[in-house]
Structure formats: C-alpha cells, structure tokens
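The following paragraphs lead the reader through a strand and its partners, and then through a group of aromatic side chains. The model should be kept in view while reading.

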Amino acid sequence: MRRIALQLLSEPLPGSMDHIGLKWFAPPPSLLPWVQCYWAAQLPFFSTVEFNENLYPDGGTSLSIDFQENELPRIHFNAYDRVSKMNFSSGVDRMGIRFHPAGAFHLLGLEMSTLIGTEHNTEELGLKPFRELQETLAKTNSTHQRIWEFDNWLLQLAAQASIRRNPVQHLLQQIALTQEPIEALSNNMPISRRQLERKFQIEVGISPAQIKQLQRIKQARTMITRQPDLPLTQIATDTGFYDQAHFIRQFQKITGQTPGQYRQKKMSQKYNAD
C-alpha cells in the first residue's frame, strides 16, 4: 500500500534486516529536505537475538523512541559526532527518526551548537512538541500506525516553522553535489564566510569542512556496501580523496575501522543474513 493523501504508509528502504527485526522506512516527499528516514526494531521477549548496531556520524541527528506497555514512550535526541552503538535485544520495541544535517534545527528549533556530541532525554530539552509526540504514540501499537503519527507530527511542525532556503541549506546541497573546496563554495554565498560558519555551527553543530569529510566517508561506506568488489583505490578517488593513505586515515578516524575491515564486516553480515 503506497502513500496517498495524508501519507498513510512508508515504503521500506533497501537494506532492511528482517532476520533481526530492523527495518527502514522512507518519509513522505515533502519531508525529504529534513528527514533521511524512519526505522523500527521489534524483537519478542522470547527472542535469543541480540546485536549492536553501529551509528556512524554523517552530520545528521536522531530521535529514538522506546515503547513500554502502559507507559509513555521514552524519547532521546542524539547528536553524535563520533561512532556510537545502539543495543537491540529481547523485548525491544524501538523506533527512530533520522534527520539530515540542519533538519532538527529547522523542524524542532534545536540549536545544534549546544547539543552536538551528546544524547539527551527530550524531557531535559523541555520542548512542547516532544510531549505531544509521546502522548500520541502512547495510543499506538503498530509500526504503520506509528509512522503515520510521525508523518503527521513532522508535517505539522514543517507547516508551523518558518522554513525557507538559506545559505546553510544551499551550501549543504553544494557539498553533497560537488567536490569543489569549501572556500570556493563559500565565495558564492551571499554572506561572509565568517557569518556562514557561525550559522553552520548553530544549525548543523559542526563546520562546513567537517560535514564535507563526514559526507565523503558516508559516500564511501555506501559504495563499499553496494559494491563490495569495487577496488578501494577507486572508491578513494571517486569520493574525492587525493591518495589511498589519506582515505584510510580519515575512514578509520570517523568509523573506527579501516575501509578493508568495514568491507569485511559488511560481507560477513550479508552472508550470515543469506
């Protein structure tokens, strides 16, 4: 069943791991500028499966929601700028929203310069939208129902927010589309580089140079996952690294693994799933 009218259902994204209860879902097109995806993991209490999912930084942020019977769901906001792990084990009933860089700033009004590198229970943030989401989700019991509520909640926030194309969003798009140096891209902006970097810290939480490096590594991770036989030297070149050594150093710095180790792990996961 596809999304119609009020975007009733989400289509699963490639890479769903049914055997461990983890699936990804696409947001409605109108939310794509700010939301990467939704995800859900449900494991029965008698399940013997337990695993840790690596969360790799890409400049984006996340909401994770844990459901417990007869209680308000617990919501955490994560703005990690380093690799972290999320545990999934027997009885887990968890969902999440993954935001693009600056997405949480525009939709939720969260100033990222004070939150980057941290995890917060949303009650600590004291924002009304989170309480509304908790109360709404407490009445749901299925993944599709919850995604329907995610859609409605975020679409309402988008309608209320003063969202317009600004220099930060423009630069983020340019970083994703080209390998030109940040200096050259910044020169084409209608504000000074210093002003742009200040706005970047508020909306994204890190510098344009840092986001570019994270996006390069994200692209490399995607290429390794989708084309495991592709030579790593080619991946390094295609993602804009000037030599193999530089690629390996930056990949390991951000993911905690070399490109070869990352590829080996992904291939192992695929074969185990098969």
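Within strand S7, Ile97 is the bridge partner of Leu63. The structure is a predicted model, in which local features need pLDDT of at least 70 and side-chain atom pairs count only at pLDDT 80 or more, while totals for chains, interfaces and linings use all residues. Residues are numbered from 1 along each chain as its sequence is written, and side-chain values use heavy atoms, with hydrogens and water left out.

Strand S4 (residues 61–66) and strand S7 (residues 93–99) pair in the antiparallel sense over six bridges. Strands here are DSSP runs of E with at least two residues, helices are runs of H or I with at least four, and both are numbered from the N terminus; two strands pair if DSSP finds at least two bridges between them. S4 is also joined to strand S5 (residues 74–78) by five bridges, again running antiparallel. In S5, Asn78 is the bridge partner of Ser62.

In a regular strand the side chains alternate between the two faces of the sheet. Both faces of S4 are covered, with Thr61, Leu63 and Ile65 buried on one side and Ser62, Ser64 and Asp66 buried on the other. Buried means under 20% relative accessible area, exposed over 50%, and partly exposed in between, with a 1.4 Å probe and protein chains only. Because six of the six residues of S4 are buried, the strand is largely enclosed by the rest of the structure.

The aromatic side chains form a second topic. A search of the whole structure finds seven aromatic pairs. The rings of Phe241 and Phe247 have centres 5.3 Å apart and planes at 55 degrees, so this pair is tilted. Rings of Phe, Tyr and Trp (its six-membered ring) pair if their centres lie within 6.5 Å; planes under 30 degrees apart count as stacked, over 60 as edge-to-face and the rest as tilted. The rings of Phe247 and Phe251, with centres 5.7 Å apart and planes at 70 degrees, are therefore edge-to-face. Phe247 and Phe251 are separated by about one helical turn because they lie four residues apart in helix H10 (residues 244–255).

Phe247 is buried at 0% relative accessibility, and Phe251 is buried with a relative accessible area of 0%. Ring pairs link Tyr56, Phe241, Phe247, Phe251 and Tyr262 into a cluster. The charged end of Arg216 sits over the ring of Phe241, 5.3 Å from its centre; this term requires NZ of Lys or CZ of Arg within 6 Å of the ring centre and within 35 degrees of the ring normal.
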